[in-house]
Amino acid sequence: MSADPPAKTGPARSAPKAAAKQAGRRRSSGIGAPIARSRFLMIAVAVFVGLGLAWWVATGLEWVKP
């Protein structure tokens, strides 16, 4: 006599469906998430302005030679 294992029910059975739903969703935040072009340009400009400001302060206070 062979006994069949009981059928799985509950969260373990629905896990693949939940994973499939989540895989189809688009991430809205976090590393690697797509961002708007305007936000990308704003961040790029802010980084260059910040680096320029840091350079100006460092040379103005003579921490480094110009």
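**Close-ups of a predicted two-helix chain**

**View 1. Thr59, a buried residue in a predicted model.** Thr59 has a relative accessible area of 18%, so it counts as buried, the cut-off being under 20%. Its place is in helix 2. Look for the side chain of Thr59 here: one of its polar atoms sits 3.1 Å from the backbone oxygen of Trp56. Keep in mind that everything in these views comes from a predicted model.

**View 2. The whole chain, for orientation.** Stepping back, we have two helices and zero strands.

**View 3. Helix 2 from end to end.** Helix 2 covers residues 37–60, which makes 24 residues.

View 4. An unreviewed UniProt entry puts a "transmembrane region" at residues 40–58. In the model, that stretch is 100% helix and 0% strand. From the C-alpha atom at one end of residues 40–58 to the one at the other end, the distance is 27 Å.

**View 5. A nonpolar patch on the surface.** Seven side chains to pick out here: Ile35, Phe40, Leu41, Ile43, Val47, Phe48 and Leu51 form a nonpolar surface patch. Together they have about 730 Å² of accessible area. Phe48, one of the patch residues, lies in helix 2. Its relative accessibility is 63%, and Phe48 counts as exposed because the cut-off is over 50%.

View 6. Glu62 lies in the segment after helix 2. Its phi is the thing to check: it is positive, at about 60°, although Glu62 is not a glycine. Most residues other than glycine have a negative phi.

Conventions
Residues are numbered from 1 along each chain as its sequence is written. This is a predicted model: local features need pLDDT of at least 70, side-chain atom pairs count only at pLDDT 80 or more; totals for chains, interfaces and linings use all residues. Side-chain values use heavy atoms; hydrogens and water are left out. Helices (H or I, at least four residues) and strands (E, at least two) are DSSP runs, numbered from the N terminus. The expected span of a helix is 1.5 Å times one less than its number of residues. Patches are made of residues with over 30% relative accessible area and no salt bridge: like charges are joined within 9 Å, nonpolar side chains (Val, Leu, Ile, Met, Phe, Trp, Tyr) within 5 Å. Accessible areas come from the Shrake-Rupley method with a 1.4 Å probe; for residues, only the protein chains shown count as cover. A salt bridge is a side-chain nitrogen of Lys or Arg within 4 Å of a carboxyl oxygen of Asp or Glu. Buried means under 20% relative accessible area, exposed over 50%, partly exposed in between (1.4 Å probe, protein chains only). UniProt positions are given in the numbering used here, feature names are shortened, and annotations may be inferred rather than shown by experiment. A polar contact is a pair of N or O atoms within 3.5 Å; within protein, one must be able to donate a hydrogen and the other to accept it, and residues adjacent in sequence count only if both atoms are side-chain atoms.
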